[in-house]
Amino acid sequence: MRIIGPDYLVFGVEDLAGSARYLEDFGLTPVDLDETGGLFEALDGTGVIIRHRDDPRLPAPLPTRNMLRQQVYGVEDAAALDEIEAEMSRDRRVTRLADGSIEFQDCLDFQVKFQVTKRRTLNMPAERINAPGAPAQRGPNELGVWDDMPAQPRTLSHVVLFVPDLPKMVDFYTQRLGFVITDVLENAGPFLRPRSNDDHHTHFFIRTPAYMQGCEHLAFHMGGPTELMVAGDRFIRKGYQSFWGPGRHRFGSNWFWYFNSPLGCHFEYDADMDKHDDSWVARQAPNGPEASQIFLLQWREKWAPGGGPEGQDGSLPAGMSKPGAGH
């Protein structure tokens, strides 16, 4: 199955105006936006579609009332759609739409759609670094960071789902849709990638009770760790709440920073994810803090020294004490 990955995620939200403002502040570009919602794009055209939860155009909600209404996946070409339709039609209803895309429910009643991908090819430089012992990636007088540097989501990276029947879900996506397991967090679930995508994962399934079924978070790739940190800092300064991060994951090696959202799930900036081919052997590790990240940082207000180790207000950074003030 020549599936590339998620093109769009569709949500039925309660606060349409607040959700639209959140997505634009996150760095996504509104497209054909009106009073009923619309698409918010990353730089390659992938993104998030929002409508009011009562909009009749939306697929039916999950029994949990999670705001995720549909996952839209891109495939390489029309022949890939035909292959998926033939496989799915063996045991479920598949609807072919006027534009050639197909819709159906997966094994746990998530609404999914497959289309010839809408994503645009990007031709942009990655973050460049200078390191002793290696040729400089930035030339003389070429800055690595500046105040108004661009830091926009480049592409929809992955989606993480809470699922009540993990074996059934994994079997459906691997055996029926050709996804590959790259790594497994024991007592949580597997990371998966489709055959036409070499990212460490486009999906992660987490075993949960049935009443939690839905989207836990979605992520957008940034151009590098610096873009991630700049975007996250700007987002916090607009008043949004950090949930987890910044930090760097062990499985996938991607940098991360998660934020709460009005769409009923978390949003993540990520950067610098591992790539894999079919020779990769999946790893396993017990789920927990050590497996979740190699390190974890915490955002704080900017600080500057003011005549020695003290700040301009006379305070000291956390963990420091004045001479003679103790051991």
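What you're looking at is a predicted model, where local features need pLDDT of at least 70 and side-chain atom pairs count only at pLDDT 80 or more, while totals for chains, interfaces and linings use all residues. Residues are numbered from 1 along each chain as its sequence is written, and side-chain values use heavy atoms, with hydrogens and water left out.

Back to that pair. Strand E3 (residues 37-41) and strand E4 (residues 47-52) run antiparallel and are joined by five bridges. Strands here are DSSP runs of at least two residues, numbered from the N terminus, and two strands pair if DSSP finds at least two bridges between them. In general, the strands of a sheet pair through backbone hydrogen bonds, either parallel or antiparallel. E3 and E4 belong to an open sheet of eight strands, in the order E2-E3-E4-E1-E5-E8-E7-E6, with mixed pairing. At its edges are strand E2 (29-34) and strand E6 (95-96), each pairing on one side only.

What does Ile50 touch? Leaving aside neighbours within four places in sequence, its contacts (heavy atoms within 4.5 Å) include Phe11, Leu23, Phe40 and Leu263. Ile50 is also among the residues with the most contacts inside the largest nonpolar core, which has 65 residues. Such a core is a set of buried Ala, Val, Leu, Ile, Met, Phe, Trp, Tyr and Cys residues joined through side-chain atoms within 4.5 Å; buried means under 20% relative accessible area, with a 1.4 Å probe and protein chains only. Apart from this core lies another, of ten residues, among them Phe162, Phe191, Ile206 and Ala291.

Now for the other sheet. Ten strands form an open sheet in the order E17-E10-E11-E12-E9-E13-E16-E15-E14-E18, again with mixed pairing. Strand E17 (283-286) and strand E18 (295-296) stand at the edges with a single partner strand each, so one side of each has no neighbour in the sheet. Inside the order, E9 and E12 pair in the parallel sense over five bridges, and Val160 stands opposite Phe204 in E12.

Follow E12 to its end and you reach Thr208, in the loop between strand E12 (203-207) and strand E13 (214-221). Is Thr208 buried or exposed? Thr208 counts as buried, because its relative accessibility is 10%. Beyond its neighbours within four places in sequence, Thr208 is in contact with Phe162, Val163 and Pro164.

Conventions:
Buried means under 20% relative accessible area, exposed over 50%, partly exposed in between (1.4 Å probe, protein chains only). Helices (H or I, at least four residues) and strands (E, at least two) are DSSP runs, numbered from the N terminus.
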